[in-house]
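Q: Please take a close look at one residue of this model and the part around it. Then set that part in the context of the rest.

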Amino acid sequence: MSDIRTSPHHAPRTSAATLLVPLLAGGLVAVALGVYGKMHTPTGYAIGVAGFSGPLAMKAWLTTAAALLAVFQLVTALAMWGKIPLQGEWLPSAHRWSGRIAFILTVPVAFHCLYSLGAQFDTPRVIIHSLLGCFFYGVFTAKMLALPKRDAPGWTLPVLGGLAFTALIGLWLTSAYWFFTTFGIKF
Amino acid sequence: MSRLGPTYTLAAGAVLAVVLGAASLKSSPAIETASADQNVTTAATPSAPEPTPIPAPEPSETAAPDTTPKKVDYAGVVQGNGGLVALAIRNGRAVAYFCDGHIESWLKGKAENNTLVLEGKNALITAALGGGKAQGKIEFQGHKWRFVAPVVKRPSGLYRATALVRGARIVGGWIKLPTGQTVGKIESGNAGESAPYFDGGPVDWYGVTLQPQTPDTFIDGDWSAL
């Protein structure tokens, strides 16, 4: 966040080494999810969010909501970094809360995917989706842990945030977009 | 911004996942306990090459007539799992479907000398035929369950419906027992759900109309997708 980087106490003394722990933790999360998804026997069943006609529809809509919030994340992030002419006191907190909500929305989806179906490697769509899902939580963990590191290099948050955004959009394309274009707009 | 804020965000996500996991375990005890039980029993009897079905040694040398039924359907309960299994034989070819509403497997194989051997994705069924029933075991993703499936007549038995919708292959399977017990699952794009109840007519799934068919129709069809 720009306010941190322009803080007077912290001159340009930055170090990529400070990212070691966040990146390692993120890597561990991604690998752990993949190993769990591959090793355990899919149960074919998981508790989800009620109100939809089935788990597929539930996941498609939650992912769509998360993806829309992710677009909002991108816009607010660009504004905070002065890349687009949009200003306001509300930007940082809007960015944080939209991110939190988007992340929480993805959890029931990922839970259902991993617990009920597991990581699968049969068709391109499913392979990409499985890998991106693991990657997304890894990079999100890394970004969350890197946020408080004031001596992290300036590119840290844009790169990690950009990767998280890209992964989430990729996840949406390989799931909700597939569902809506295959079955139509079903609740 | 609190320096702990991001950590709280991660923790909230982790807690939510744990809560969902606990709720799922609780609401779906059948499978978990069944598989746990099964592990115990298989562990208790480790060695001893299971004296299970599969008698059928080599009487084929003696050119004895193969008494395997040409056309027969079996369906029964999978012991220790609670799911159902259905098997169908048509002129030496055999298909089977195992489903407990959560996990499922389609299997294909041969019927010879009153013995069935069927293979599917991560699944294997071996059974001996005789006395009006198929008796054997199913191995599925590391689990082993036994079953005794009596001969059944329509409308009991196995049904399968397939559809291709804008590039997505949909496969539904149902098993009906004479007792009225029924189970089914629909799968598409590696994501599956419990199937809507099937009473002989078409089944609607997210607006897609599926027409379940008997093994007579689908046993020779394309099975590659599952």
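A: In this predicted model, A:T63 has 25 other C-beta atoms within 10 Å and is therefore buried, the cut-off being 20 or more. The residue belongs to helix α3 of chain A. Setting aside neighbours within four places in sequence, the contacts of A:T63 are A:V109, A:L171, A:W172, A:S175 and A:A176. A:Y177 lies 114 residues away from A:T63 along the chain, yet their C-alpha atoms are separated by 9.6 Å.

A:A176 is in α7(A), where, together with A:F179 and A:F180, it meets A:L56, A:A60, A:T63 and A:T64 of α3(A). Sorted by class, this contact between α3(A) and α7(A) holds 5 nonpolar and 2 polar residues, and no charged ones.

Two packed helices are described by the angle between their axes and the distance between the axes. Here, helix α3 spans residues 55–80 of chain A and helix α7 spans residues 176–183 of chain A; their axes come within 9 Å and cross at roughly 125°. In hand, the crossing of α3(A) and α7(A) is left-handed.

Chain A also touches chain B. The contact involves 34 residues of chain A and 31 residues of chain B. On the chain B side, α1 (5–27) and β12 each supply at least two residues. The largest share of that side comes from α1(B), with 13 residues. By class, the side of chain B that touches chain A consists of 14 nonpolar, 14 polar and 3 charged residues.

The strand β12 named there is part of a sheet in chain B. This open sheet has 4 strands in the order β9-β10-β11-β12, and its pairing is antiparallel. Its edge strands are β9 (157–165) and β12 (191–194) of chain B, each of which pairs on one side only. On average, neighbouring strands of the sheet are turned by 15° against each other, direction ignored. Within the sheet, strand β10 (residues 168–176) and strand β11 (residues 182–188) of chain B run antiparallel and are joined by 7 bridges. One bridge can be named by its residues: B:K176 has B:T182 in β11(B) as its partner.

The barrel has 8 strands, running β1-β2-β3-β4-β5-β6-β7-β8 with antiparallel pairing. From one strand to the next, its twist averages 25°. Strand β4 (residues 104–112) and strand β5 (residues 115–120) of chain B pair in the antiparallel sense over 6 bridges. Across from B:K108 stands B:E119, in β5(B).

Some totals complete the account of chain B. The chain has 3 helices and 14 strands. Its length is 226 residues, of which 37% count as buried. Taking contacts in chain B between residues at least 6 apart in sequence, 49% join residues at least 24 apart.

Notes. Residues are numbered from 1 along each chain as its sequence is written. Chains are lettered from A and ligands numbered from 1 in the order in which they are written. This is a predicted model: local features need pLDDT of at least 70, side-chain atom pairs count only at pLDDT 80 or more; totals for chains, interfaces and linings use all residues. Two strands pair if DSSP finds at least two bridges between them. Axes are lines fitted to C-alpha atoms, for helices over the stretch in contact, and angles run from 0 to 180 degrees between N-to-C directions. A crossing is left-handed if the near helix is turned anticlockwise from the far one by less than a right angle, and right-handed if clockwise. Two residues are in contact if their C-beta atoms, placed from the backbone, lie within 7 Å. Ala, Val, Leu, Ile, Met, Phe, Trp, Tyr, Cys and Pro count as nonpolar, Asp, Glu, Lys and Arg as charged, and the others, Gly among them, as polar. A residue is buried if 20 or more other C-beta atoms lie within 10 Å of its own, exposed if 12 or fewer, and partly exposed in between; C-beta atoms are placed from the backbone.
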